[in-house]
Amino acid sequence: MPRNVTAKTITGHLVLKNARLIDVINNRDEAADIVILDGQIESAGKSASVRGETIDLKGKVVTHGLMDMHVHLREPGREDKETILTGCNAAMAGGFTAVACMPNTSPAIDTPDTVQYIKLKAAEHLVDVYPIACVTKNREGKELAEFAGLVRAGAVAVSDDGEPVWNAEIMRRALEYVRMFSIPVINHPEDKTLSLKGSIHEGFTSTRLGLPGIPAPAEEVMVMRDIRLAEFTGSQVHLAHLSTARSIDLVREAKKRGIKVTCEVCPHHFTLTVEAVEGYNTNAKMNPPLREASDIEAILEGIKDGTIDTIASDHAPHTIDDKLCEFNIAAFGITGLETSLALTLDRLVRKNVITLADAIRKMSLAPRQILGLPLPEIKPGAPANLTIIDPDKIWTYEVGHTCSMSTNTPFHGHTFTGKATGVINKNRIFLEA
């Protein structure tokens, strides 16, 4: 059973004392006390003397509430894998105050009713949930969904994620259609005529293990196509979970030409190589697959130079039966909401790839900017939407302690340095015990 966590309502004044405030909007990095009343920031400065509940955050960082723009909540339809409640709990425990959920549910998120269902189910949770609707009806790639009704109902983007928009004409029309609403098309870049029935990255390891491979061009060909269509239409395309060096180069070149392209990478793709599948470890099976060390180096460079806009978990919960089976038929995907920030802190910040402020920018502001959402400002009168981080906390991730319904992760038993220890949103607070 998943670990049950709850947030409590803030009553009266709440004073966050002795925090290190990192406000990347206003370039602040300083010691501060933050005072909250009725869900709003009353002050964010030095030496608050207000009476109320006080939390001493010496040694901890307070910053903008984090957002993961690529998660799979599985509800409606696959509540045996995850529910909106358990997914939001996992997000909360991982330090996120907002998530955007992908439409590969059952039924798919291709009607206004389904968008509204998700929003209503999530309304009472501390974590804000923003539905991403389908590009095509039932994600079949044949007929465009009705974007206008979906956006009116609350969809913040369109995607067939889990499946690529394989038809170039459909993709072109989708890019033209979204210009009416100023939302992005998010594509899963995969040419399935190249990936076929592959299980892992094509190369030495796939050959040695006797597993069918997914070649790097299966991603890169689709990246090239989408960039060209974005250039042709003048629309915004967002490329999900990039994993190869050439994909990063293509985005870098496109941005230099002024094309409206953004992209994300996942922590597992800058942390693990294809060798993680040794022993036919299905918890390391994902799509796109783990790649080579040279791809990791390219991803790190892309994160460092700003080519990569945001970091997203691609949280993909599965049942035990989905993974405890022959490798070739095991489901793709891993859980990630509770390890995403920790991996970013441990692998990027502590190793001086980027600063903590840069990591916050990529995990808080960038996803909201891509989706056209309000930014969580830290100033008097702004809603209190905050994440609390202990950058020096040493901890071990155990699947028996997860808030998710699922335990399919290659990071069970890994020890990290750095962890979110609390979040504040909607006049509620969650603190790790």
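Tutor: Let us start with accessibility: a residue is buried under 20% relative accessible area, exposed over 50%, and partly exposed in between (1.4 Å probe, protein chains only). This is a predicted model, in which local features need pLDDT of at least 70 and side-chain atom pairs count only at pLDDT 80 or more, while totals for chains, interfaces and linings use all residues. Residues are numbered from 1 along each chain as its sequence is written, and side-chain values use heavy atoms, with hydrogens and water left out.

Student: How many salt bridges are counted here?

Tutor: Side chains of opposite charge can pair when their charged atoms come close. A salt bridge is a side-chain nitrogen of Lys or Arg within 4 Å of a carboxyl oxygen of Asp or Glu. By this rule, the count is 27 salt bridges.

Student: Which residue does K121 pair with?

Tutor: K121 forms a salt bridge with E75, and their closest N and O atoms are 3.3 Å apart. The two residues are 46 residues apart and link distant parts of the chain: K121 belongs to helix 2 (residues 112–122), E75 to the loop between strand 7 (66–71) and helix 1 (84–94). Helices (H or I, at least four residues) and strands (E, at least two) are DSSP runs, numbered from the N terminus.

Student: Why does E75 count as buried?

Tutor: E75 counts as buried because its relative accessibility is 6%.

Student: Where do D358 and R361 lie?

Tutor: Both D358 and R361 are in helix 12 (residues 356–371), three residues apart, about one turn of the helix. Their salt bridge has its closest N and O atoms 2.8 Å apart. D358 is partly exposed at 27% relative accessibility, and R361 is partly exposed at 31%.
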